[in-house]
Amino acid sequence: MNPNFVNFIYLVAGVLFILGIKGLTKPKTAVRGNLLSAVGMLLAIVITFLSINNVDYTYVIAGVAVGSIVGGVMALRIQMTSMPQMVALLNGFGGGASLTIALAEYFTKLGAAPTSFADMLVPLVVDTSAFGIGAEGTFALTAIGLTVLIGAVTLTGSLVAFTKLQELMKKSYGLPGGPIGNGILVIAALFAIGSVVVDPGNMTGMLAIVGMGLLLGLFLVTPIGGADMPVVIALLNSYSGIAAALAGFILGNTVLIIAGSLVGTSGLILTQIMCVAMNRSLANVLFGKMAPGGEEIDADEIYAGKVTSAQPEEIAMMLEVAKRVVIVPGYGMAMAQAQHAVRELADAIEAKGIEVEYGIHPVAGRMPGHMNVLLAEAEVPYDKLVEMDRINPTFEDTDMVIVIGANDVTNPMARDVEGSPIYGMPILNVDKARNVVVIKRSLSPGFAGLPNPLFAMSHTLMVYGDGKKAVVEMTTALNQT
Amino acid sequence: MEVLILLLALFALSLFLGVELITKVPPTLHTPLMSGTNAVSGITLVGALLAAGTDGSPMLVNILGFIAVTFATINVVGGYLVTNRMLAMFERK
């Protein structure tokens, strides 16, 4: 087939991807955007199928079949609460695909793939021009090396993120030396890339890049705790895009470069948004612990004798006289699968002619936008989901805030206590409301390990117990009056 | 070399376009944005098909090609389906 025509179709596909993401800028156009993007993908794949010659189709068809079944089953069966796990896995597969493409391309150009592990240890004598003449060869080999490295990091990093999100791995492990150990590993991997660029037949070097990349992915993500996962997932999302763009350079393919850079920037921007929302630098999230808290803060001193608790029925009575209510959900709501119960409570409140909105902190949940998806699943209209900057000025006119499963993002210490580890982190100013109800199992601290003075404030009521049960009881009591 | 420069130009412009586009996506849609871009990054399927190996290429290349095609297809199929599922929930109201 005429390569110009193929490239033209790739261009059309690239434009459709761009229109697809543009559609995502509004909830109303988002479904159509996603469809446009999928059409672009179909075009690109079909034209590639038609343009390749002499291919052994058994492997291709087997791969497409297996991939379609696995992907389809995952997509249709996954629960909305588990969406972070799904995205983590997809990131990993993206990285894995780029990794294997780069390796396949390397061995193809090399002209001699090893048939056993021992073969790999014997360097091949090859002409550098196998990968292109002069600077072109150097560039091609560098691109292959970088794709292998980033692809491998994304693969294992995402798998670790998945096991953490699925709570299969609860502890945090790190490389001795922390960032220094990781730094040494990065430098060693770059050296290995250099050795392959200088001597393309050095298969041991290529093997070393793969190995170090896989290790690096493990060591980078294992030390990172649950609440920092939104940053990690966004960053790995970005890596999978960068790896795809690099694979585009290896194959000289325009649509891979366009799509890869869109994904790469998307992940980076989300990473940035998440870091700002936690008032921490990326380096601090990846390598740091939370800053030490100056003098030790004694939880008992803050809570002693000041915490008031209440029963769901009492809250229902208070709700009756409210005019405006804001619900603040957090990861605890996802854990309790309470999103439908929360929607029913909101319906019951609204039935009394009371205004209800939801205040969503950017890092609530385990990935960007996690709470919004859960509440959308429970059929909460998206215009009731209000982001932090817009909801904060309204708390002073709010009669009651119901916090369910959120902690650190409501901690007023972030605003008021200079020297506190979370000082400077933007929070939802729920304490400005006339009454605050916190639904929580106990007074245990959140991810930051800090007591929350909000719980001890005179206008705060604690409702202890399972989030879903407490919400259902409130709804029942409210409906009976 | 000319081709390389053109590819680099495309890369640079796409990065700027990406920044312009993504910053306009509202936080409500950040999760579908991530799964949707995951689907887009399944474009590596095109690369995987190209690299899957021609007739008579060594076994190792075939296996690598098979893995690449499988992974990329999971991203494409899984990514678009799950994104569609989520977005349909937002569209309902």
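**Entry: the model and chain A overall**

I noted at the outset that this is a predicted model. I then looked up the make-up of chain A. Its secondary structure comes to 19 helices and 7 strands. I checked the extent of the C-alpha trace of chain A. Along its principal axes the trace spans about 80 × 50 × 35 Å. Next came burial. Chain A has 481 residues, and 52% of them count as buried. I also looked at contacts in chain A with a separation of 6 or more. Of these, 78% join residues 24 or more positions apart.

**Entry: domains of chain A**

I looked up the domain assignment. Chain A is divided into domain 1 (1-77), domain 2 (80-287) and domain 3 (299-480). I then took the pair formed by domain 2 and domain 3 of chain A. Their C-alpha centres are 39 Å apart. Domain 2 of chain A puts 19 residues into the contact, and domain 3 of chain A puts in 16 residues.

Which helices supply the domain 2 side of chain A? I found helix H4 (83-110), helix H9 (229-251) and helix H10 (254-278) of chain A, each with at least two residues there. H10(A) gives the most, with 5 residues.

**Entry: A:Ala161 and its helix**

A:Ala161 sits in helix H6 (residues 135-165) of chain A. Is A:Ala161 buried or exposed? I count A:Ala161 as buried, because it has 30 C-beta neighbours inside 10 Å, and 20 or more is the cut-off.

I listed what A:Ala161 touches, leaving out residues up to four places away in sequence. The list is A:Ala88, A:Val221, A:Met229, A:Val232, A:Ile233 and A:Leu236. I also checked A:Ala161 against A:Gly405. The two are 244 residues apart along the chain, and their C-alpha atoms are separated by 22 Å.

I stayed with H6(A) and looked at how it packs on helix H7 (residues 179-198) of chain A. The angle is about 145°, and the axes are 9 Å apart. The crossing is right-handed. From H6(A), the contact uses A:Thr138, A:Leu141, A:Thr142, A:Gly145, A:Leu146 and A:Leu149. From H7(A), it uses A:Ala189, A:Ile193, A:Val196 and A:Val197. By class I found 7 nonpolar residues, 3 polar ones and no charged ones.

**Entry: chain A against chain B**

I turned to the contact between the chains. Chain A brings 97 residues to it, and chain B brings 81 residues. Which helix gives the largest share of the chain A side? H4(A) does, with 17 residues. The chain A side has 60 nonpolar, 30 polar and 7 charged residues.

I then looked up one helix pair across the two chains. Helix H2 (residues 27-51) of chain A packs on helix H4 (residues 59-91) of chain B at an angle of about 160°, with the axes 8 Å apart. That angle makes H2(A) roughly antiparallel to H4(B). H2(A) passes H4(B) in a left-handed crossing. Among the contact residues of H2(A) I noted A:Pro27, A:Ala30, A:Asn34 and A:Met41. Those of H4(B) include B:Val76, B:Tyr80, B:Leu87, B:Phe90 and B:Glu91. This contact divides into 10 nonpolar residues, 3 polar and 1 charged.

Conventions: Residues numbered from 1 in each chain as written. Chains lettered and ligands numbered in written order. Predicted model: local features only at pLDDT ≥ 70, side-chain atom pairs only at ≥ 80, totals over all residues. Domains from an automatic or database assignment. Contact = placed C-beta atoms within 7 Å. Helix = DSSP H or I, 4+ residues; strand = E, 2+ residues; numbered from the N terminus. Axes fitted to C-alpha atoms, helices over the stretch in contact; angles between N-to-C directions. Parallel < 35°, antiparallel > 145°, perpendicular 65-115°, else oblique. Left-handed = near helix turned anticlockwise from the far one by under 90°. Nonpolar A, V, L, I, M, F, W, Y, C, P; charged D, E, K, R; others polar. Buried ≥ 20, exposed ≤ 12 C-beta atoms within 10 Å, placed from the backbone.
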